[in-house]
Amino acid sequence: MSRADSHPSRRAFLGATGAVAATGLTAGCEAPAPQPSRPPSPASPTRVSPTGRHQAGITLPQPAQPNLLAVVAELGDAVAVGPLLAELGQTIHALTAGTDPRLLGLPPGDLTVTIGVGPRLVRMADPSLPGAADLPRFSREQIAPQARGGDLLVQICASDPLLLPVVATALLQQAGHRVEERWRQSGRRGPNIPVDKGISAPRNLLGFIDGIVGPHTTAEHQRHLWLAGPAPVGGGTIAVVRRMELDLPRFTALSVADQEAVFGRRRATGVPLSGGTAAWDPNLGAKTPDGRYLVPADAHVRRANPNVVGVGLMLRRSYSTDAPAPGLLFISFQNDLRTFTNTLAHMDDSDALLRFTTTTASATFLILPGFDQQHPLGAKMFH
């Protein structure tokens, strides 16, 4: 997506890297050759504080960690929401500090846990609050009842993939019988591709650079991402989480030119078909000498363009998946749910990309404002 009044904002994303140490041995009567020194272990990722005005796992860390696990659960009718959230906040603090024995000795590194509450819980607190509206239904959905909506989102991100199920187990154990898991999805990000002035983004499973555009600066975060105002939602945001299967065989069968026409960008570089650099806004009015649009009428970058739709920017923190099917766990954050719903409604009947997607899970959550030891998670909303 792009805006006409400025270059598009970008988020940089972190690709997973690793080091392999190898040693050699010699045998026989000759003196052994000197052993190569073992390269130093990579430094542990920097700890991300879980406290502050905003929860971690949205704009921090930057770039985003390469591994994610999202767990969606529902709460029993008689559950006291406030105490549950406060307990989860304390558990998150202990997990990210490395003091919770349920980590099983794993260093937390850059672990983040982000908590959101679904529309039913928001309406219980105050039906007029942002986040009280459910997502509408769209076409190309094959969603079982268990995978639509939900009361609680637990988003866990880390550089170490071993942490994800361990942390999820600790948090669900802490919640106990008060919550029942509905579904979970793990995902990962590919290597970074530079797009502009040190900014990079990963490719998705269709081979295209994903996440070039979105709110990037502090001013853009304030305008498009964070909910304004004082308690109980100021400093929070609205999340949309949708699991999508991708029809890789059918997309792969297209020529590169036809694949690029679906997105409206060059596959190798991310440059719009109208020219420029990957960071440039697509010129949606540019035409060939014979009068054809350089960016096709049904190209994704045209149908999802915020200027065309008339909405703000969404911060996408999506992850590729390979089970239960190759696809994408689409996650967007925005301070107005209409940023997402109006965009998808505009895409729904004519975006070429959607022809290769099937949505199998869908939910929206109010991501609660940040917390600290004096102000428990969710205390401003659930007294």
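Here is a short tour of the cores, the aromatic pairs and the confidence of this structure. The model is predicted, with a mean pLDDT of 89 for the chain and 89% of its residues at 70 or more. One stretch calls for care: over residues 1-34 pLDDT stays under 50. Where pLDDT is low, the predicted coordinates should not be read in detail.

**Nonpolar cores**
- The largest nonpolar core has 54 residues, and the members that touch the most others are Leu85, Val113, Ile115, Leu152, Ile156, Val167 and Leu171.
- Helix H3 (residues 163-175) gives this core its largest share, 7 residues.
- A second, separate core holds 23 residues, among them Ile58, Ile143, Cys157 and Val241.
- Beyond four places in sequence, Val113 has contacts that include Ile92, Val154, Ile156, Val167 and Leu171.

**Aromatic pairs**
- The whole structure contains 6 aromatic pairs.
- Phe138 and Phe340 are edge-to-face, because their ring centres lie 6.4 Å apart with the planes at 85°.
- Phe138 sits in the loop between helix H2 (119-125) and strand E3 (152-158) and Phe340 in helix H9 (residues 337-348), so their pair ties together parts 202 residues apart in sequence.
- Phe138 is buried at 12% relative accessibility, and Phe340 is buried at 5%.
- Phe208 and Phe263 are stacked, because their ring centres are 4.1 Å apart and their planes at 15°.

**Charges over a ring**
- Tyr293 has the charged end of Lys287 over its ring, 4.9 Å from the centre.
- Arg302 also lies over the face of Tyr293, at 4.6 Å from the ring centre.

Methods: Residues numbered from 1 in each chain as written. Predicted model: local features only at pLDDT ≥ 70, side-chain atom pairs only at ≥ 80, totals over all residues. Heavy atoms only, no water. Core = buried A, V, L, I, M, F, W, Y, C linked by side-chain atoms within 4.5 Å. Buried < 20%, exposed > 50% of the residue type's maximum accessible area, 1.4 Å probe, protein only. Helix = DSSP H or I, 4+ residues; strand = E, 2+ residues; numbered from the N terminus. Contact = heavy atoms within 4.5 Å. pLDDT = per-residue confidence, 0-100. Phe/Tyr/Trp six-rings, centres within 6.5 Å; stacked < 30°, edge-to-face > 60°. Lys NZ or Arg CZ within 6 Å of the ring centre and 35° of its normal.
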